[in-house]
Amino acid sequence: MEAAIETTGLTRTFGQFKAVDQLDLSVAAGTFFGFLGPNGAGKSTTIKMLTGLIRISSGQARILGRDIDTEPTVVKQQIGVVPEELALFDRLTGSEYLRFVGRMYGLQKNTIRTRSVELLELMNLHDDAKKLIVDYSHGMKKKLSLAASLIHDPKVLFLDEPFEGIDAVASRMIKDLLESLTVRGVTVFLTSHILEIVEKLCSEVAVIHQGKLVAQGKTEELRKGETVSSLEEVFLDLVDADDTSPTVLSWLG
Amino acid sequence: MLDRVLAISWLRWRMAVHAMRGGEALLQFAGSILIAVIGAVISIGLAVGYGAMAYFAISSSDPDFLRITWVVVLFSCAFFGLFMPLLFTASGQGLDLRRLLIFPVSRGQLYGISLGSAFLGGEHLFYYPSLIAVSLMGFVLPGKHVIGGLAIVLLFTTVVVVWSHAVMMLLQGLMRRRRSREVIVSLIFLVVVLGSLTPVLMTPDEPDNGSIDLEALQDRTHGLARVADLLPPFIAASGLVGLYADESAGSWGSLAGLLAWLVPGLALGRLIFTRHVLGEGGSGGGAPARKAGRNSISPARTDGFDATDLPVFSQQVIGVTVKELHYLLRSVVGRFNLVMTPVMAMIVVFFVVRGLPAEEIFGIDPEAVALFGMLGYMTLFSNNFINNAFAWEGPGIQFYFYGPLALEKVLLGKNLGVWIFTGTSGLIAITTWSAFKGIPDLWTLTSSLLTFACCVVAFTTVGNFNSILFPVARDCSSITNSPSTSAVLIGLGTLVIAMGAIGGVVVAPVALGYPGFQPLILAMLLGLLLLVYGFSLSRAAALMAYRAEKMVDKLRA
């Protein structure tokens, strides 16, 4: 199957610090892909490079066979993004924001109108469509951002911590939606700290640690390869964080 | 308690220091030092002036002169103490004391700490030298009524600080909510606007020689004066005058009056503080849980879109322009500009035009010069939007970089938005002018509009680079929306050069005896400036792509 996302030697440095180091990654189309790593491992930096938010120091990244560095506009037309810090314009209303994003992706007016209504309905935001985004709760902003990332019918969806700070109802709705998208052939690339969600949703995962890829494969295979049973334990083992017993701070408590 | 006051002072200091970190730290630091020096010079200058006034008042032994002296000094101190925090609050500065609640400090202690640190606030330090100077000259150096005088002055200062602290907390609490913040800022603007129109409103039948009937004015304000006698500066002044007249009853009455202000001030302050701390609501009004919506969306549709085929005025550009206009019309500064435009035009019509000489200026009718000048000045209203064009984007700026659009289109869309907005301001100004002075003749009107357009295009060309090189995050609902110091300096340089060049083009054809060529040459200049602007767009877009990460970093705050 053709790779929807493919990176070769992808590297990003900040001064002397290598945030992402020689990352080779291949994600097949239609995969629900979980990208894991501890804080500061390079997850967000990788997503930012794949979506053209930051420059690539060296290496290559191809989305749907196109190079993000040389054909950024073509690639961006086919991807949807929910960045870690939601890229919302908070002085627009929810429906104005969707109209704006639809225009940016070159959709026809009628298409924008229809899809906006459907997306707002889907996200349970239709009653708040006329409210300024600045007055939205965090969960509402997250849902609006997801709606905006879908309006142009992307083939690949990048989600940076989509479940952070949202309630169980919204979380369930987003999970169901993402699953239905992958059934239709959309590739979902997500990062999350909530390993239970990743374990349940993702058919494939990769783990990055200190900027380097330390594992990639089917979720089931990764678990079977270990003597342990949960993804959390596999993850902790991979990032050398399995020994969590508090041997210090004896004064505590 | 003291260690906590010191800790909070340290915290404020560190916040101020960290606010000056980054690429422009040196300029910001220099600016802060400059402001502090200017503030200190003004403060000391006032203190010297007031001290001298107190000395002469005591030497004269004239009770009226004494009373006026104390009223002026104490009233101005109260004004500084109450008005300057208003400005700071409106600009969104200050430490959010709610953050300190996680520490083991009771609310009462926190109020004490907050009030204690208010005594050391810059707005109060500003007028302390004046109070010290008048106290020295008024009773410390003469060695008369020292205890009574100091008691009244200290109590008066405490009253001012306590009330200023309470008012500021109330405003901070209100301004945390966006809508009330916008209402308050709009009210402050309204006061400014009405203040600027006061001379016109107060003297509708004023003769041209500018004299004002003082007796009539006193009659009109007599009731106001009786109310003013109950205010702390007047109470304190009466007490101090009473000391010199050896009227102990007056002094005691003054102390009692000040205490009558202090006690409710403290109670109100504590109440506001408690509400301000406890009154914060829940998570921000999330939508109530509803049944999960449909878990599917319509089948995918294809629009056959190809981003590379887009014309210059594509719907992407229009989309950015519409978004920009939404922001401009929803921002406090944008609304303020629209309100101030006719006010400025009226000020020009009523004050500037009236003072113009009868003779022609460089061969041009003085009223036409005023019209040119007014429209040129109007372009300055948009300076904030032009030189810090991304100020309000916040994390939304990321969209321009991951969205499928060329950055030239982002810049063009934003510029078009500002041009439409500024053009509207210009039309409002001309309409206001026409309402009072009549419609200008066609040549003057054409030339002045072309001058206006030339200025805007020239400023925008440079402003795009300024906005990309020196972006500063700003709050849409705040009064202060100024660009960075560097952008302001570059903008000023552009202003001087552009005004000089455009002014030359305006004057030269008339001076050379070909006034009919004036609009033609201005139109050619506008065409040239538009060409330069068009050429600069791709350069600015390349710079924007290069500085994408820095822009996102600076603006997401």
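## Burial, phi and strands

Me: Does A:Q210 count as buried or exposed?
Reply: The relative accessibility of A:Q210 is 62%. Buried means under 20% relative accessible area, exposed over 50%, and partly exposed in between (1.4 Å probe, protein chains only). A:Q210 therefore counts as exposed.

Me: What kind of model is this?
Reply: Residues are numbered from 1 along each chain as its sequence is written, while chains are lettered from A and ligands numbered from 1 in the order in which they are written. Side-chain values use heavy atoms, without hydrogens and water, local features need pLDDT of at least 70, side-chain atom pairs count only at pLDDT 80 or more, totals for chains, interfaces and linings use all residues, and the model is predicted.

Me: Where does A:N124 lie, and is it buried or exposed?
Reply: Helices (H or I, at least four residues) and strands (E, at least two) are DSSP runs, numbered from the N terminus. A:N124 is in the loop between helix 4 (109-122) and helix 5 (138-150) of chain A. With a relative accessibility of 9%, A:N124 counts as buried.

Me: Where is A:Q210, a residue with positive phi?
Reply: Phi of A:Q210 is near 50°, and the residue is not a glycine. A:Q210 sits in chain A, in the loop between strand 9 (204-209) and strand 10 (212-218).

Me: How many residues of strand 7 of chain A are buried?
Reply: Strand 7 covers residues 156-160. A:V156, A:F158 and A:D160 point one way, A:L157 and A:L159 the other way, and all are buried. The strand is largely enclosed by the rest of the structure because the count is 5 of the 5.

Me: Which residue of strand 8 of chain A stands opposite A:L159?
Reply: Two strands pair if DSSP finds at least two bridges between them. Strand 7 and strand 8 (residues 187-191) of chain A run parallel and are joined by 5 bridges. Opposite A:L159 stands A:L190.

Me: What is the distance between the C-alpha atoms of A:G9 and A:A61?
Reply: A:G9 is in strand 1 (residues 3-14) of chain A. Its contacts (heavy atoms within 4.5 Å), not counting residues up to four places away in sequence, include A:S58 and A:G59. A:A61 is 52 residues from A:G9 along the chain, and their C-alpha atoms are separated by 8.6 Å.
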